[in-house]
Amino acid sequence: MALPLPMEKGFTLPQDFVHSLKIRGKYALFLAFVVIVFVFIEKENKIISRVSDKLKQIPQFVADANSTDPALLLSENASLLSLSELDAAFSELQSRLRNLSLQLGVEPAMEAQGPEEAAAEKPSQQAGAGHRRHVLLMATTRTGSSFVGEFFNQQGNIFYLFEPLWHIERTVFFQQGGASAAGSALVYRDVLKQLLLCDLYVLEPFISPPPEDHLTQFLFRRGSSRSLCEDPVCTPFVKKVFEKYHCRNRRCGPLNVTLAAEACRRKDHMALKAVRIRQLEFLQPLAEDPRLDLRVIQLVRDPRAVLASRIVAFAGKYETWKKWLAEGQDRLSEDEVQRLRGNCESIRLSAELGLQQPAWLRGRYMLVRYEDVARRPLQKAREMYSFAGIPLTPQVEDWIQKNTQAARDSSDVYSTQKNSSEQFEKWRFSMPFKLAQVVQAACGPAMRLFGYKLARDAASLTNRSISLLEERGTFWVT
């Protein structure tokens, strides 16, 4: 070490000064490690920011209010393997930093719980392990998930959220490619985990415009969650304040995120509907998290019916399909067919994994066909509640009776009021057979797994006496 004064031969430093230098050096090294640890070890919800820093964030103003880009799911390089590799890298980094912090005598921040997480655990600790259930309704667009989600929304002791991940998709732009597509799945997963723990603040960075003092008028489809529209979350209405997604049956002030988080923690259970969670395997850390008692219900529907519904609901995104049908062309764009095939394969792969019941998912996965719910809604509701380990209340049974026997279906494509026993096959009488053929060719493996029969010709497609649905028992495997 260079000293400010020259040293003559035989010059020695005083022992006290040498000892002081050693002590200072030791503490300097220790403090340097502490700084590094605190820079890199953050709460798990901070991981979202670190991943998002490498992704381009831009507002997405789209007309489609409930859709997702399938290119993010099974693109050429966005395989399940790339997701696993990226997830493993995250885990290895967390493990190394945790060990380093323990060696330095510093409590790992990722293990420390904030007040929201501690409060989220409290009901389970008071009532015994596994008391509080966390239900994820996993689906894709136009599969009847809004209707099935109401089975949980209508029960008073369940805090239900409708499509909160919509905000992430509209705020964070993920470039196509393996790592980026896998990164999107990690962001969705980490936000989902915090929401299931009643940390609703995790949504605030993704809401546009950003909330002020934890108040927002822009939480997507707030009115679809009874818990966000009842006291004390429903604050007094404020005149001249525009609320884009207002409550249905009463006028409330802007949503107070703090009050909503407190209401979530007071409820016995938590349920959430998401159409942006496609790959079941990346939910493994949530299933193994001791703070959660996760139950995954995957809802599927005949892909022919799904496409028929999407062409109506998201007309702008299906101009190519409509032009192909109108002009009578022989071939459809190969890109469109590949996108359809990718959607079906993504759903099939997740369902196959769930039905295999790996150790981490055993007793936590249930596969439900929308057609079975439509034909026997009360029976399927009882099965889903039994699977979740939550007693079904008369309140839900009454709602099902009133909302599945409507005199006629609503003209609103997002309506949850249906004559469900008749509605689920309406697509058969409006879909051209050549369109059904395209779907059957692209989605054959998924249709066979779920028990959807192929239509041989146009006559069998429109003949109501010919069932296109194989009778299956419950897919729930304990």
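Cys-229 is buried, as is Cys-247, where buried denotes a relative accessible area under 20%, exposed one over 50%, and partly exposed a value in between, computed with a 1.4 Å probe on protein chains only. The two residues form a disulfide, with their sulfur atoms 2.0 Å apart, a disulfide being a pair of cysteine sulfur atoms within 2.5 Å. The torsion about the S-S bond of Cys-229 and Cys-247 is -90°, and the link is left-handed. Both Cys-229 and Cys-247 lie in the loop between β3 and β4 (255-256), 18 residues apart, and the pair links distant parts of the chain. Helices (H or I, at least four residues) and strands (E, at least two) are DSSP runs numbered from the N terminus.

The model is a predicted one, in which local features need pLDDT of at least 70 and side-chain atom pairs count only at pLDDT 80 or more, while totals for chains, interfaces and linings use all residues. Residues are numbered from 1 along each chain as its sequence is written, and side-chain values use heavy atoms, with hydrogens and water left out.

The protein chain has 19 helices and 7 strands, and buried residues make up 52% of its 478 residues. Among contacts between residues at least 6 apart in sequence, 76% join residues at least 24 apart, contact meaning heavy atoms within 4.5 Å.

Cys-198 and Cys-264 are both buried. Within helix α8 (residues 257-266), the buried residues are Val-257, Ala-260, Ala-261, Ala-263, Cys-264 and Arg-265. At the start of α8, a side-chain oxygen of Asn-256 comes to within 3.0 Å of the backbone nitrogen of Thr-258.

A further disulfide is formed by Cys-344 and Cys-443, whose sulfur atoms are 2.0 Å apart. For Cys-344 and Cys-443, the torsion about the S-S bond is about 70°, so the disulfide is right-handed. It links distant parts of the chain, Cys-344 being in helix α12 and Cys-443 in the loop between α17 and α18, 99 residues apart. Cys-344 is buried, with a relative accessible area of 6%, and Cys-443 is buried with a value of 0%.

Helix α17 is mostly covered, with 7 of its 10 residues buried, namely Phe-433, Leu-435, Ala-436, Val-438, Val-439, Gln-440 and Ala-442. These buried residues pack against α10 (303-313), α11, α12 (334-356), α18 (444-450) and α19 (458-462). Helix α11 (residues 319-327) and helix α17 (residues 433-442) pack at an angle of about 130°, with their axes 10 Å apart. That makes α11 oblique to α17. In this packing, Trp-321, Trp-324 and Leu-325 of α11 meet Lys-434, Leu-435 and Val-438 of α17, and by class the contact has 5 nonpolar, no polar and 1 charged residues. The axes are lines fitted to C-alpha atoms, for helices over the stretch in contact, and the angles run from 0 to 180 degrees between N-to-C directions. Angles under 35 degrees count as roughly parallel, over 145 as roughly antiparallel, 65 to 115 as roughly perpendicular, and the rest as oblique. Ala, Val, Leu, Ile, Met, Phe, Trp, Tyr, Cys and Pro count as nonpolar, Asp, Glu, Lys and Arg as charged, and the others, Gly among them, as polar.

In the loop between α7 and β3, which holds Pro-209, the peptide bond from Ser-208 to Pro-209 is cis, with omega near -5°. Asp-213 lies in the loop between α7 and β3 and has a positive phi of about 55° although it is not a glycine. Asp-213 is exposed, with a relative accessible area of 72%. His-214, also in the loop between α7 and β3, has a positive phi near 65°, and at 35% relative accessibility His-214 counts as partly exposed. The peptide bond from Asp-231 to Pro-232 is cis as well, with omega near 0°, and Pro-232 is found in the loop between β3 and β4.

Methods
A polar contact is a pair of N or O atoms within 3.5 Å; within protein, one must be able to donate a hydrogen and the other to accept it, and residues adjacent in sequence count only if both atoms are side-chain atoms.
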